[in-house]
Amino acid sequence: RAVHAVASQLLEIGVFNSDPHAGNLLCQVRGNTAVPVLLDFGNCIRLPEDQRIAYCKLLVALSEVSVTTVCQAMIGIGMVSTQSEAHPERDMEYMMMVFRDTGGSQSQKDGMKNFRSLRKSQRKADMEALDDDIKKDKKKAKAQTQRYPTKMPDEAVLFFRMMLLVRGLCSQLAAELPFMQLFEFHARRALVARFPRVTRALRAVPDAEEGAHGSMASTGHKALCRLLR
């Protein structure tokens, strides 16, 4: 529930608490139900609307493992790295790591270890691909193979801080959650909510097509239009 609350704040409302550490989360017992209670909203961040939509598109793109749309979403957020153009798949790899499933401390350490190993092998491959003249100049070679952000809005910095704190809380509780799927759910709901209910309802009924089935679909579509309009 706490993760759902954080995802809803970020993706559906566009206002999120950038300080969701364990001390700002209590558990209130109501009968036989435990309800998480979020505290201390003194460090809330309001996302610009275009960034909120970009975060939603990022989560959907990650769930579909689409490098192209992930990169488009990250540009919309305002996050660019030194390798975004040459190796856009590495930006997606990083975001997949951020939104990987949560779990106990050891499983999270293993995940980070695997990610660092991947990055190490990529740096080695990048170094080997350099011209011999550049390889001789270690400083220049390092500069050309380093990966670091060249553009990142302030809101993104606090977003990553929030992600780390939420993941840390899950790790402390050894909570195994499909982290990306939880955020994706709210991302898709937020994207759909941009359209009027009438439009959403009409999209559920197919347009007219040829043949008997098409005739039935056309009749159903027209009937629904009359009801909604």
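This is a predicted model: local features need pLDDT of at least 70, side-chain atom pairs count only at pLDDT 80 or more; totals for chains, interfaces and linings use all residues.
1. First, a term: a residue is buried when its relative accessible area is under 20%, exposed when over 50%, and partly exposed in between, using a 1.4 Å probe and protein chains only.

2. Residues are numbered from 1 along each chain as its sequence is written, and side-chain values use heavy atoms, with hydrogens and water left out.

3. Now the charged pairs. There are seven salt bridges in the structure, each being a side-chain nitrogen of Lys or Arg within 4 Å of a carboxyl oxygen of Asp or Glu. Aspartate 126 and arginine 90 make one of them through their side chains, at 2.7 Å from N to O. Since aspartate 126 sits in helix α5 (residues 105-128) and arginine 90 in helix α4 (residues 88-98), the pair ties together parts that are 36 residues apart in sequence. Helices here are DSSP runs (H or I, at least four residues), as are strands (E, at least two), numbered from the N terminus.

4. Have a look at arginine 119 and glutamate 93 too: they form a salt bridge whose closest N and O atoms are 3.0 Å apart. Arginine 119 is in helix α5 and glutamate 93 in helix α4, so this pair ties together parts 26 residues apart in sequence. Arginine 119 is buried, at 10% relative accessible area, while glutamate 93 is partly exposed at 22%.

5. Helix α2 (residues 49-63) has a pair within itself: glutamate 49 and arginine 52 are three residues apart there, about one turn of the helix. Their side chains meet in a salt bridge of 2.6 Å, N to O. Glutamate 49 is partly exposed at 48% relative accessibility; arginine 52, with 8%, is buried.

6. One more charged group to find: a network of salt bridges links Glu64, Glu184 and Arg188.

7. On to the greasy part. A nonpolar core is a set of buried Ala, Val, Leu, Ile, Met, Phe, Trp, Tyr and Cys residues joined through side-chain atoms within 4.5 Å. The largest has 42 residues, of which Phe99, Phe159 and Phe183 touch the most other members. Helix α2 gives the most to this core, with nine residues.

8. Leaving aside residues up to four places away in sequence, phenylalanine 159 touches Leu10, Phe16, Tyr55, Met95 and Phe99, where contact means heavy atoms within 4.5 Å.
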